[in-house]
Number of protein chains: 2
Amino acid sequence: MPAILNPSLLILHHNHHYPRLSTAVLSLRHHLTLSLFSPSRTTLRGFSTSSSSLSIESSANQNVRTGRSGSVSSPPVEHNTAEKIDVNPPKGTRDFPPDDMRLRTWLFHNFREVSKQFGFEEVDFPVLESEALYIRKAGEEIRDQLYCFEDRGNRRVALRPELTPSLARLVIQKGKSVSLPLKWFAIGQCWRYERMTRGRRREHYQWNMDIIGVPDVTAEAELISSIITFFKRIGLTASDVGFKVSSRKVLQEVLRCYSVPEDMFGRVCIIIDKIGKIPMDDIRKDLQSADMSEVAIEELLQVLSLKSLAKLEEKLGASGEALSDLKQLFSLAEKYGYSEWLQFDASIVRGLAYYTGIVFEGFDREGKLRAICGGGRYDRLLSTFGGDDLPACGFGFGDAVIVELLKERGLLPELNLQVENIVCSLDQELQGAASAVATILREKGQSVDLVLENKPLKWVFKRAARINARRLILVGNAEWQKGMVNVKTLSTGEQLEIKIDELE
Amino acid sequence: MPAILNPSLLILHHNHHYPRLSTAVLSLRHHLTLSLFSPSRTTLRGFSTSSSSLSIESSANQNVRTGRSGSVSSPPVEHNTAEKIDVNPPKGTRDFPPDDMRLRTWLFHNFREVSKQFGFEEVDFPVLESEALYIRKAGEEIRDQLYCFEDRGNRRVALRPELTPSLARLVIQKGKSVSLPLKWFAIGQCWRYERMTRGRRREHYQWNMDIIGVPDVTAEAELISSIITFFKRIGLTASDVGFKVSSRKVLQEVLRCYSVPEDMFGRVCIIIDKIGKIPMDDIRKDLQSADMSEVAIEELLQVLSLKSLAKLEEKLGASGEALSDLKQLFSLAEKYGYSEWLQFDASIVRGLAYYTGIVFEGFDREGKLRAICGGGRYDRLLSTFGGDDLPACGFGFGDAVIVELLKERGLLPELNLQVENIVCSLDQELQGAASAVATILREKGQSVDLVLENKPLKWVFKRAARINARRLILVGNAEWQKGMVNVKTLSTGEQLEIKIDELE
């Protein structure tokens, strides 16, 4: 398998050439707080940056590359040469040691609980998809940063940058075998690749909820309600976060007025989504190259600045779909009881080409972070894949910005390991007895950390504290002869001899 | 981004050339039972085959390849040409529509609950790792089938084929900042790539539990106990499944007798693991090429045929570590109360190069399936990555074979969608009122499927049955005027008018 033997262990070579640097990098990393999700200011839906730790990594990686260029043809070095590999996860990716994993589990648990409360069913798709699924012409950032490659069978594949195309694929595949509406949610890892060394992350997890088969704005209202339920659940209020809402039909009506070709629509949306991220002159140039006249551009930009439905009605008249959709959404928001979370903002278009109607994004009221989540209606996505269109809407909610926000607000939960019991034998001979005691407790549904070696009691108490054990159960010779064990309640220090078969 | 525009939509071209075939494949798939995990007879730890559905896919894929070879330089085709994409997930991968996802969730829930009962903490690692992490010289199948590629920054990376190397990397990275022993578990997707079109799957999920820092066999005994706890939880008994146990030290002692070089050890283990899978003559040839004399080979093969510790003691004497480890394990098994699940079998060596001591695998007593799970001690893995060695053991447990087994035994759980309430307005004007009712119920912790369109009652009842709703709540004009709704308990047909603020 030459494909595997080729690379000749880049990292080992790196260590050959820069032994000192590598140690320095490692010890530096030791002193950095390893935060799960670090602050950022990038634009893509949900991806985060961690400039501090990753910039160090990237300097190390450059050396790897330098080291490599001269060593492509050297013989493969085997691991048992015992040179230290790069102990960091690949650039832009994360390990989840227990602390970080507990936070992720907590977050996902809340995603799931809310989704289930709204009657949604969980689905998942391969993290690796055919590249064809993501090729769209609109010039989206998500496509330019596709993490794509050729597999060993010469197929073009990509690590999914988002979940919606896979969902669409599955919906087409299922065809008439499913009864509409579908209410599906997914929590999946998404990937992007960018060459810039800004230390941005290359993977994130995303919570998606989608409703397939409902043409009414009632679907969007339900989706926004579920996100708000999630916000409330984790302690955020309408003074922390809100939603900016608009409809792509606003844009469509303006473009139609100025006879901009229909097939420019997606592209114009992507350009507009870049307002505030690139200079206005570039925006204007891009719009011109999308067949828009200067008059049309100025009119468009004016409409985009509107912040009230009344003003929008003045501009577009009362008869259009854009206005009636938005009015219905705000009316439903009142009935749901979440009006105060919602505001109209014509500048919201979202950065994905496939949206066709209502679009929305969650934002922090202090304006420090990029969008927390975003979504909208995409009634024509299925036909771009050759399927029959179905009305559809959904949202994506990343795992990065929300954690930054909770951190800022002091709302991150305290999540500690907790094992109910620690069981320890006082004598090596009684290790088997301790196993039996652990088994009895586990069969009664209790969690047990069994001490597997002969350790001093001081060590056992320290471990008990670390795992937040409620009880310490000691298996000593004298008690064991009587079929008993010593049970110590660690919060009170209370200590009892209990018969083994009476352990609860 | 030429890297993205290159592939010119293979599938579309395929459809150009074979429009009929593609339709045929799609409709064929419709008639196949889409089973989550299909029966198989392959050898690698945990991966499954699904020869029926995948062989059809693979014939389609061959056409894609044929189609492509003539079309590399044709201009990119955009999705909105509305030709149907391949609606199947990439070859060898799975979608998880709701039914399959419920089974996966159930399985993972049981993995997690058992792990927690044993005091283990969950961790995770990137699905994409540096290829260097998996380069070992022993000729393992897992390495030959590495799903590796070069990323856009010219780094050699791989979709992880297993979790243990990532775990080792993280343990080295954490160094002295963690207190031993570590008891960690992970549930992660693993990948392999093979060119053969046997329709084998390219991804599976694997449950791992690992104990780092315990040199005693107590650790292996604890791991086996946790797997047995899992088996019992899902309804399997010692007459369904068992464990074959041996120690690599058995082999080591034989090899040492015949002065086979130490560094041949891993390689010899991999060769022996192929017994029963390739012809004995090939095994003998491979062993010869690993510096073993014919006498040594015959002796080795004889030892491998032993099925009792007494016989092993006759052969190796009573003093070696192999025997004392195994004796201790069987003695502990008695104390734990799982002796009947365990049997000594010297032929067990496992197919990964890094094991150093006790090895074990779970098997079905009918002998129809390949190993359900497998694991062992790997005390010297960390130093092959340049870290300081720590005693370690662990196991991998795939999501494929276990489901086949449960299916065969009729033990697959019935997992249905269940949403507690379905809420429906009887009048389009009352859609907002229905939203309010749904919100009240959700705030009280209930799950609610809200009907988002104006539908006939017949449709609503059908949906209520599909989602196994307990109650149907109708929002009608007359009741709503009185601040009430109509609540129907679907199992009894009982119907009540209830005040909205008294809804529970």
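**Entry 1, a tyrosine to start.** I began at A:Y355, which is buried at a relative accessible area of 2%; buried is under 20%, exposed is over 50%, and partly exposed is in between, with a 1.4 Å probe and protein chains only. A:Y355 sits in the loop between β8 (342-344) and β9 (358-364) of chain A. Helices here are DSSP runs of H or I with at least four residues, strands are runs of E with at least two, and both are numbered from the N terminus.

**Ground rules.** The model is predicted, so I keep in mind that local features need pLDDT of at least 70 and side-chain atom pairs count only at pLDDT 80 or more, while totals for chains, interfaces and linings use all residues. Residues are numbered from 1 along each chain as its sequence is written, chains are lettered from A and ligands numbered from 1 in the order in which they are written, and side-chain values use heavy atoms, without hydrogens and water.

An unreviewed UniProt entry gives "binding site" for A:E162, A:L163, A:T164, A:R192, A:Q206, A:D210, A:R350, A:Y354 and A:Y355. I noted that such annotations may be inferred rather than shown by experiment. From that list, A:Q206 belongs to strand β6 (residues 203-212) of chain A and is buried, with 2% relative accessible area. A:R350 lies in the loop between β8 and β9 of chain A, and I found it buried at 8%. The backbone of A:R350 has a positive phi of about 70°, although this residue is not a glycine. Most residues other than glycine have a negative phi, and most peptide bonds are trans.

B:S259 is in the loop between α9 (248-257) and α10 (265-273) of chain B and is exposed, at 63%. Then I looked for cis peptides. The bond from A:L180 to A:P181 is cis, with omega near -5°, and the bond from B:L180 to B:P181 is cis with omega near -5°. A:P181 falls in the loop between α7 (164-174) and β5 (182-191) of chain A.

How many residues of α7(A) are buried? I get 11 of the 11, so the helix is largely enclosed by the rest of the structure. Among them are A:T164, A:L167, A:R169 and A:K174. Just after α7(A), A:G175 takes a positive phi of about 50°.

I count a salt bridge when a side-chain nitrogen of Lys or Arg is within 4 Å of a carboxyl oxygen of Asp or Glu. Over all chains there are 76.

- B:R104 pairs with A:D124, with the closest N and O atoms 3.0 Å apart. This pair crosses between chains, from helix α5 (residues 98-117) of chain B to the loop between β1 (121-122) and β2 (128-130) of chain A. B:R104 is buried at 8%, and A:D124 is buried at 5%.
- A:E162 meets A:R136 at 2.9 Å, N to O. A:E162 is in the loop between β4 (156-159) and α7 of chain A and A:R136 is in the loop between β2 and α6 (141-144), so the pair ties together parts 26 residues apart in sequence. A:E162 is buried at 0%, and A:R136 is buried at 11%.
- B:R284 bonds to B:E298, with the closest N and O atoms 2.9 Å apart. The pair runs from helix α11 (residues 280-289) to helix α12 (residues 294-304) of chain B, 14 residues apart. Both ends are partly exposed, B:R284 at 27% and B:E298 at 40%.

I also found a network of salt bridges linking A:D240, A:E366, A:K368, A:E408 and A:R409.

Chain A has 19 helices and 16 strands. Of its 504 residues, 62% count as buried. Chain A splits into domain 1 (98-409) and domain 2 (419-502), with bounds from an automatic or database domain assignment. Their centres, taken over C-alpha atoms, are 53 Å apart.
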